[in-house]
Amino acid sequence: MPDLIEYRVREIKRYIVTRYEQTAGNGVSSVAGEFDNSESAYRSAYAMAFAEREEAGLPPGDPSIQFPATSPAYPIIGAL
């Protein structure tokens, strides 16, 4: 038997990217990814929104695809 067994509670900070879809007034949200830092989460969310917009053939600025809110820490370079 060990001399000591210790349990601790530690804070872990994670970031998730969610995808919300609304059709005919009904909405559903799902987790699209989990990340260790906000920069990775933000960049991934942007890439997912961009890919989905391209796949749908929608023009930049179309309101049916909402990109993550911009942040001074993670500015978007180029046009949406």
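This is a predicted model: local features need pLDDT of at least 70, side-chain atom pairs count only at pLDDT 80 or more; totals for chains, interfaces and linings use all residues.
Biologist: Which side chain meets Glu-52 in a salt bridge?

Modeller: That of Arg-19, with N to O at 2.5 Å. The two sit in distant parts of the chain: Arg-19 in strand 1 and Glu-52 in helix 1, 33 residues apart. Arg-19 is partly exposed too, at 33% relative accessible area.

Biologist: Which pattern does the chain follow along the sequence?

Modeller: The order is β-β-α. That makes two strands and one helix.

Biologist: How many salt bridges does the count come to?

Modeller: Seven. One of them joins the side chains of Asp-36 and Arg-14, at 2.0 Å from N to O. Asp-36 is in the loop between strand 2 (26-35) and helix 1 (38-56), and Arg-14 is in the segment before strand 1 (15-23), so this pair ties together parts 22 residues apart in sequence.

Biologist: Is Asp-36 buried or exposed?

Modeller: The cut-off for exposed is over 50%. Asp-36 reaches 55%, so Asp-36 is exposed. Arg-14, at 44%, is partly exposed.

Biologist: What about Glu-54 and Arg-53, which form a salt bridge?

Modeller: Their closest N and O atoms are 3.3 Å apart. Glu-54 is partly exposed at 44%, while Arg-53 is buried at 3%.

Biologist: Which residues do salt bridges with shared partners join into one network?

Modeller: Arg-14, Glu-34 and Asp-36.

Biologist: What share of the 80 residues is buried?

Modeller: Buried residues make up 15%. The accessible surface of the chain is about 6,800 Å², with 54% belonging to carbon and sulfur atoms.

Definitions and conventions. Residues are numbered from 1 along each chain as its sequence is written. Side-chain values use heavy atoms; hydrogens and water are left out. Helices (H or I, at least four residues) and strands (E, at least two) are DSSP runs, numbered from the N terminus. Buried means under 20% relative accessible area, exposed over 50%, partly exposed in between (1.4 Å probe, protein chains only). Accessible areas come from the Shrake-Rupley method with a 1.4 Å probe; for residues, only the protein chains shown count as cover. A salt bridge is a side-chain nitrogen of Lys or Arg within 4 Å of a carboxyl oxygen of Asp or Glu.
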